[in-house]
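Please examine the sequence and the three-dimensional arrangement shown below.

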Amino acid sequence: MKIGRSFYIRIAAIILVILLGVWMFFIGKQHTILLDNNRYEEIRALDEVAVSVDGGEDIDLYSRMRDQAIVTGQGHTISVTYTDSSWEEHTIVRDIDIPLGENMMIIYLPYLVENPDSPQEEWLQHFESQAVTVSPSSSDSAVVTDDSAGLMMDF
Amino acid sequence: MTRKLEMNNLKISPKELLINNLVPIMFICICVVGIPISGYSGSYLLNEILSRLGRNSFLVLSLLIPVMAGMGMNFGMTLGAMAGQIGLILVTDWNIVGIPAMVLAAIISTPISILLGWLCGTILNRAKGREMVTSYIIGFFMNGVYQLVVLYFMGSIIPIASSALVLPRGYGIRNTVNLEGIRKSLDNLIPFNIFGASVPVATFILVAVFCVVILWFRRTKLGQDMRAVGQDMEVARQAGIKVERTRLLSIILSTVFAGFGMIIYLQNIGTLNTYNSHSQIGMFSIAALLVGGASVDKANIRNVFIGIILFHLMFTIAPTVGRNLIGEAQLGEYFRVFVSYGVITFSLVLYEIRKKREAKKALEEAEA
């Protein structure tokens, strides 16, 4: 079989489309980052801390509070502003790189403030949601495959 | 009456003009009568029409290519819609959001659409002259295959991690999939308002690009071949055109574009009705195109936009008109579905009458 120029062009086009798909996967993946201001091992929670993700609005957290930020993509910047015992304000800015397969991660803010130069693996960890599974209603689990059921849909 | 209208060097009598445009004229009358009864404000109707134009244009435009190739209305566009939905289910499971999710869903849907389009086109090549009814039945058949994949394979053979998608039994996708991650991501990409109505600028740009692509495509070698095949298959074959291949390509292209159209449609709606969203899409898109003045053998971009505006204007006002006239909104709902089927039937009957009349006229001329 003779392989012509068009064959290579087609292969290159397919590879380009696949690469585009991979790129979209990387930049479009949504992650939830939990911001945790609870006691972490021996490190006590901060009295008050303001966290901003990617320059967004500040999320204020008092002691023993947890909030979340929803981000898209892998690379982000987190800015943590806190007040120490002598009422001096400090800001820690760190770049974080969320592993691709992770849907939900947790940042232990007290540990990060205590060890601002520590590697991200120490304060940014995988988090498994402990949400209670609620049985769906019977109407939700019943599958309707009848064509005429969609007849009155809002077109 | 000897008065004739000169249009494109063709002499068309007013009666003929009326008959040729009976469907759009009928719809204009319905809308003119219905709008005051509905009581809707101009800005509300404008908002609805702009939203529906953005939502449906791509789907309806995807029907033009098979018409060009003489294959009539592609009821098989449902296959592309299914492929688009599979792409959307997967990106929702992977937690991909925004425009990247739409692009990725389109990339996933493309090979599925090509495969389904090839299958549909191959069958249609064996059913020449009966393409529409055949593609309609292929749609039903493929719906069964789609249900098998989505209801039994997803979650068991095809990994689906999200518990929000999978049925409680552990496999199969739920009735509705929340597309919150991509909802209006294209429509709201370039925010713009006019008279209080939100204009989906980015969607319109995409539709405009598609229109330009269709116009350009008509001038390419393949486009010319399709038109030649559409006019006369035997003559085209004598001219050295690979008729079957050309017809196959037209169906594949239409199916792929229908898949993209379905993704655009669902990003506007924001919810995927897993087992029903695709089933009616072919009928409503074809009805809209026919309302715009298209026929089985002739359709253009103008028909697409006129059709969507008129058809969806009727769709918007019908329930309220029904409620205000008879006190039952449900009657308006039935009316719009009845009209959708009715307009397809009416157009097909008109097309057959016209074809027979032309054949009779040609025979008379030949005898004379």
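Helices (H or I, at least four residues) and strands (E, at least two) are DSSP runs, numbered from the N terminus, and two strands pair if DSSP finds at least two bridges between them. The model is a predicted one, in which local features need pLDDT of at least 70 and side-chain atom pairs count only at pLDDT 80 or more, whereas totals for chains, interfaces and linings use all residues. Residues are numbered from 1 along each chain as its sequence is written, while chains are lettered from A and ligands numbered from 1 in the order in which they are written.

Chain A contains 4 helices and 8 strands. Read from the N terminus, its elements follow the order α-β-β-β-β-β-β-β-α-α-β-α. Of the 155 residues in chain A, 16% are buried; a residue is buried if 20 or more other C-beta atoms lie within 10 Å of its own, exposed if 12 or fewer, and partly exposed in between, with C-beta atoms placed from the backbone. Two residues are in contact if their C-beta atoms, placed from the backbone, lie within 7 Å. Among the contacts in chain A with a separation of 6 or more, 57% are between residues 24 or more positions apart.

Strands of a sheet pair through backbone hydrogen bonds, either parallel or antiparallel. One open sheet of chain A has 4 strands in the order E3-E2-E5-E6, with antiparallel pairing. Strand E3 (59-62) and strand E6 (89-97) of chain A are at its edges; each has a single partner strand, so one side of each is left without a neighbour in the sheet. From one strand to the next, the twist averages 20 degrees; the angles used here run from 0 to 180 degrees between N-to-C directions, and axes are lines fitted to C-alpha atoms, for helices over the stretch in contact.

Within this sheet, E2(A) and E3(A) pair in the antiparallel sense over 4 bridges, and Val51(A) stands opposite Ile59(A) in E3(A). The two strands E2(A) and E3(A) form a hairpin with 5 residues between them, and Asp54(A) in the turn has a positive phi of about 55 degrees. Strand E2 (residues 48-53) of chain A is also joined by 5 bridges to strand E5 (residues 75-83) of chain A, and these run antiparallel. Here Val53(A) has Ile78(A) in E5(A) as its bridge partner.

Another open sheet of chain A has 4 strands in the order E4-E1-E7-E8, and its pairing is mixed. At its edges stand strand E4 (65-72) and E8 of chain A, each with a single partner strand, so one side of each is left without a neighbour in the sheet. Neighbouring strands of this sheet are turned against each other by 30 degrees on average, direction ignored. Thr32(A) has Met104(A) in E7(A) as its bridge partner, and Ile33(A) has Met105(A). By contrast, E7(A) pairs with strand E8 (residues 124-126) of chain A in the antiparallel sense over 3 bridges, where Ile107(A) is partnered by Leu124(A) in E8(A).

Attention now turns to chain B. Helix H5 (residues 77-93) of chain B has 17 residues, which at 1.5 Å a residue should span 24 Å; its end C-alpha atoms are 25 Å apart, which agrees. The expected span of a helix is 1.5 Å times one less than its number of residues. Because 17 of the 17 residues of H5(B) are buried, this helix is largely enclosed by the rest of the structure. Just after H5(B), Asn95(B) adopts a positive phi of about 65 degrees.

The axes of H5(B) and helix H12 (residues 281-291) of chain B come within 8 Å and cross at roughly 125 degrees. That angle makes H5(B) oblique to H12(B); angles under 35 degrees count as roughly parallel, over 145 as roughly antiparallel, 65 to 115 as roughly perpendicular and the rest as oblique. Met77(B), Thr78(B) and Ala81(B) in H5(B) meet Ile281(B), Gly282(B) and Ser285(B) in H12(B).

Helix H6 (residues 98-125) and helix H7 (residues 131-153) of chain B pack at an angle of about 140 degrees, with their axes 10 Å apart. H6(B) and H7(B) are therefore oblique to each other. Leu116(B), Cys120(B), Ile123(B) and Leu124(B) of H6(B) make the contact with Glu131(B), Thr134(B), Ser135(B), Ile138(B) and Met142(B) of H7(B).
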